Amino acid sequence: MVSADLVRTVVGIIGNVISLLLFLSPVPTFAQIWRKKSVEQFSPAPYLATLINCMVWVLYGLPIVHPNSTLVWTINGTGVAIETVYLLLFLIYSDKKRRFKVLQIVLAEVVSIALLATLVLTLVHTTKKRTAIVGIVAIVFNTMMYASPLSVMKIVITTKSVEYMPFYVSLASFANGVAWSAYAFIKFDPFILAPNGTGALFAVAQLILYAVYYRSTQRQIAARQAKGDVGLSEVVVNGSSRKTNSSRNGHGSEG
């Protein structure tokens with residue numbers, strides 16, 4: 001008979017793979033920034049949010065906080081490294097004013113996590129209590145990150161078009177939420193289950209919207225092409241927006 005620990009490990013590895021794909025999904029966006037040597041109108045907000053979220057989960061997964069959580073801290077440690085690269089590129093190709101603002105936020109995030117880690121590790125002396133404190137903080141940041149597509153969903157409902165909501169990102173977010181919810185459920189961990197269960201529900205809502213508005217989106221695109229419309233339309237990329245010519249097909253992906 002297969003043990004629960006083995007099943008949980010397998011599910012956790014699957015969750016790691018899906019999470020890694022989500023972390024890497026902005027690569028086309030940053031390839032474009034690299035080519036153009038400019039961040040244009042891209043927002044750093046999604047990467048700043050993901051960075052602090054990953055840092056909290058790295059802290060949560062440490063053996064001195066929550067034992068037997070190697071799969072949690074490894075994937076989130078990888079996420080910290082990936083988001084750091086994104087933000088470094090953002091800093092290199094930003095103007096001075098935006099660069100200073102991003103640096104301030106990154107510094108505030110690092111100081112906040114360092115302060116949380118110091119307080120928890122020095123003032124709290126059991127892993128159970130450390131887990132509860134860091135877990136609550138992690139739930140807040142994780143839920144905020146999963147809820148970030150709500151603004152895109154509002155655009156979908158308003159325009160009756162899913163042109164601005166990449167299907168595969170929504171599907172991957174759903175798979176990620178389900179995998180980590182299953183991981184947390186096998187050996188019950190409410191701090192992992194709560195945000196990922198919520199994230200799976202948000203992703204289901206996105207997929208339902210995609211099904212509802214897919215046909216109307218195709219009609220809108222066909223009508224625009226028939227008219228030869230080359231006006232500006234707003235394309236949401238990675239939780240941010242930029243102006244692009246509607247005759248172009250370039251639109252990015254993605255948490």
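User: How many helices and strands are there in the chain?

Analyst: The chain has 9 helices and 2 strands, where helices are DSSP runs of H or I with at least four residues and strands are runs of E with at least two, numbered from the N terminus. Along the sequence the pattern reads α-α-α-α-α-α-α-α-α-β-β. This is a predicted model, in which local features need pLDDT of at least 70 and side-chain atom pairs count only at pLDDT 80 or more, while totals for chains, interfaces and linings use all residues. Residues are numbered from 1 along each chain as its sequence is written, and side-chain values use heavy atoms, with hydrogens and water left out.

User: What makes Ser69 count as buried?

Analyst: Buried means under 20% relative accessible area, exposed means over 50%, and partly exposed lies in between, with a 1.4 Å probe and protein chains only. Ser69 has 4% relative accessibility, so Ser69 counts as buried. Ser69 is placed in the loop between α3 and α4. Its contacts (heavy atoms within 4.5 Å) are Gly61 and Tyr183, not counting residues up to four places away in sequence. In the chain as a whole, buried residues make up 44% of the 255 residues.

User: Why is Asn68 called exposed?

Analyst: The relative accessible area of Asn68 is 61%, and therefore Asn68 is exposed. Asn68 is found in the loop between α3 and α4. Its phi is near 60°, a positive value in a residue other than glycine. Most residues other than glycine have a negative phi.

User: Why is Lys37 called partly exposed?

Analyst: With a relative accessible area of 48%, Lys37 is partly exposed. Lys37 is in the loop between α2 and α3, and its phi is near 55°, again a positive value in a residue other than glycine.

User: How do you know that the charged end of Lys37 sits over the ring of Trp34?

Analyst: A charge sits over a ring if NZ of Lys or CZ of Arg is within 6 Å of the ring centre and within 35 degrees of the ring normal. The charged end of Lys37 is 4.9 Å from the centre of the Trp34 ring and sits over that ring. Arg8 likewise lies over the face of Tyr183, at 3.9 Å from the ring centre.

User: Why is the pair of Trp180 and Tyr183 called edge-to-face?

Analyst: A pair of aromatic rings is described by the distance of the centres and the angle of the planes. Rings of Phe, Tyr and Trp (its six-membered ring) pair if their centres lie within 6.5 Å; planes under 30 degrees apart count as stacked, over 60 as edge-to-face and the rest as tilted. The structure holds 10 aromatic pairs. For Trp180 and Tyr183 the centres are 5.1 Å apart and the planes are at 75°, so the pair is edge-to-face. These two residues are 3 apart in helix α8 (residues 167-186), which means that about one helical turn separates Trp180 and Tyr183. Trp180 and Tyr183 are both buried. Elsewhere, ring pairs link Phe30, Tyr47 and Tyr86 into a cluster.

User: How do you know that the reach of helix α5 is close to the expected span?

Analyst: The expected span of a helix is 1.5 Å times one less than its number of residues. Helix α5 (residues 96-123) has 28 residues and reaches 40 Å from its first C-alpha to its last, close to the 40 Å expected. Helix α4 (residues 70-92) has 23 residues and reaches 33 Å, close to the 33 Å expected.

User: Which residues of α5 are buried, and what caps the N-terminal end of α5?

Analyst: The buried residues of α5 are Val102, Val106, Glu109, Ile113, Leu116, Ala117 and Val120. Asp95 caps the N-terminal end of α5, with a side-chain oxygen 3.1 Å from the backbone nitrogen of Lys97.

User: What covers the buried residues of α4?

Analyst: The cover includes α1 (4-24), α2 (27-36), α3 (45-61), α5, α8 and α9 (190-227). Among the buried residues of α4 are Asn76, Glu83 and Tyr86.

User: What makes Asn53 count as buried?

Analyst: Asn53 has 3% relative accessibility, so Asn53 counts as buried. Asn53 lies in helix α3. Leaving aside neighbours within four places in sequence, Asn53 is in contact with Ala138, Phe141, Asn142 and Met145.

Key
Polar contact = N/O pair within 3.5 Å; in protein donor to acceptor, adjacent residues only side chain to side chain.
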